[in-house]
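Please prepare a briefing on the fold and the annotated positions of the chain shown below.

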Amino acid sequence: APVIGVLGLQGDVREHRAALESSGATSTVVRRPEELAQVDALVIPGGESTTIDMLTRVVGLRDPLRSRIAGGMPVYGSCAGMILLADRVLDGHPDQQTLAGLDVTVRRNAFGRQVDSHEGDLEVRGVGGGPVRAVFIRAPWVEEWGDGVEVLAAVEAKGESRPVVVRQGALLATSFHPEVTGDHRLHRLFVGMVTAA
Ligand code: GLN
């Protein structure tokens, strides 16, 4: 089984690990560079992207993460994790940096203050078995994306179709939190990407 780390600096680490384990992977927590070196792939949970960005620098993971991602390590980023994978961020904190890799521009807190949290059912390309329950919590959306990016799901918001599940090579990102619903199909999709990589 592939060994998939969950970046354990903030967020739903336990839930992501359980979803990965039930999808056929071995999971472990990554909080230090030595731990990153032992995994085949990584999940970056939701939380606050500014905080996770700051913490990766504090623990010395920022440069190792950037080079593993640039080297083709499969990564799945949820919510704040999507922001950390993005090459460009709108409405970010002035000092905010990302790990980069995904050729997208994301907008932080894109759905606005009035709808801090919402849920919906989404068809996701490549995920069979009916719609996925998507739980959005101060979620980003993808506002621009390059030719290499596949949009697997989008929602209508502010008059346009906004991608909320994207994939580029070995990188997968969702605006929402699949780890809170008990539906492990997105984790299974990611484990399949890791196995195929
Ligand atoms: N709004 C958060 C950020 O900008 C993301 C929220 C989440 O991960 N649930 O990082």
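This is a predicted model: local features need pLDDT of at least 70, side-chain atom pairs count only at pLDDT 80 or more; totals for chains, interfaces and linings use all residues.

Residues are numbered from 1 along each chain as its sequence is written. Helices (H or I, at least four residues) and strands (E, at least two) are DSSP runs, numbered from the N terminus.

- Seven strands form an open sheet of mixed pairing, in the order 2-1-3-4-12-11-10; two strands are said to pair if DSSP finds at least two bridges between them.
- Strand 2 (26-30) and strand 10 (150-157) are the edge strands, each with a single partner strand, so one side of each has no neighbour in the sheet.
- From one strand to the next, the twist averages 25 degrees, where axes are lines fitted to C-alpha atoms (for helices over the stretch in contact) and angles run from 0 to 180 degrees between N-to-C directions.
- Strand 4 runs parallel to strand 12, and four bridges join them; Tyr 76 stands opposite Leu 172 in strand 12.
- Strand 3 also pairs with strand 4 in the parallel sense, over three bridges, with Ile 44 opposite Gly 77 in strand 4.
- In a regular strand the side chains alternate between the two faces of the sheet.
- In strand 4, Val 75 and Gly 77 point one way and Tyr 76 and Ser 78 the other, and all are buried; a residue is buried if 20 or more other C-beta atoms lie within 10 Å of its own, exposed if 12 or fewer, and partly exposed in between, with C-beta atoms placed from the backbone.

- Three strands make up an open sheet in the order 5-6-9, and the pairing is mixed.
- Its edges are strand 5 (86-90) and strand 9 (141-145), each with a single partner strand, so one side of each is left without a neighbour in the sheet.
- The twist here averages 35 degrees from one strand to the next.
- Strand 5 and strand 6 (residues 102-107) run parallel and are joined by four bridges; Ala 86 has Leu 102 as its bridge partner in strand 6.

**Helix 6 and His 187**

- Helix 6 (residues 185-196) has twelve residues, and at 1.5 Å a residue should span 16 Å, which agrees with the 16 Å between its end C-alpha atoms; the expected span of a helix is 1.5 Å times one less than its number of residues.
- The buried residues in helix 6 are Leu 186, His 187, Leu 189, Phe 190, Val 191, Met 193 and Val 194.
- Their cover includes strand 1 (3-7), helix 1 (13-21), strand 3 (41-44), strand 4 (75-78), strand 8 (132-137) and strand 12 (171-174).
- His 187 belongs to helix 6 and is buried, with 28 other C-beta atoms within 10 Å.
- Leaving aside neighbours within four places in sequence, His 187 is in contact with Ala 19, Leu 20, Ser 23 and Pro 178; contact requires that the C-beta atoms of two residues, placed from the backbone, lie within 7 Å.
- His 187 and Tyr 76 are 111 residues apart along the chain, and their C-alpha atoms are separated by 8.5 Å.

**Helix 3**

- In helix 3, the residues Ser 49, Ile 52, Asp 53 and Thr 56 are buried.
- These residues cover an arc of only 105 degrees around the axis, which puts them on the same side of helix 3; the arc is that of the directions from the helix axis to the C-beta atoms.
- Helix 4 (62-70) and helix 5 (80-85) are among the elements that cover the buried residues of helix 3.
- Gly 60 follows helix 3 and has a positive phi, near 75 degrees.

**Positions listed by UniProt**

- An unreviewed UniProt entry lists Gly 47, Glu 48, Ser 49, Arg 108, Ile 137 and Arg 138 for "binding site".
- They span 92 residues in sequence, yet no two of their C-alpha atoms are more than 12.7 Å apart, so they gather at one spot.
- UniProt positions are given in the numbering used here, feature names are shortened, and annotations may be inferred rather than shown by experiment.
- Ser 49 lies in helix 3 (residues 49-58) and is buried, with 28 other C-beta atoms within 10 Å.
- Apart from neighbours within four places in sequence, Ser 49 is in contact with Ala 80, Ile 83, Leu 84, Gln 96 and Arg 108.
- Arg 108 is in the loop between strand 6 and strand 7 (117-122) and counts as buried, with 21 C-beta neighbours inside 10 Å.
- Beyond neighbours within four places in sequence, the contacts of Arg 108 are Ser 49, Ile 83, Val 89, Leu 90, Asp 91, Gly 92 and Pro 140.
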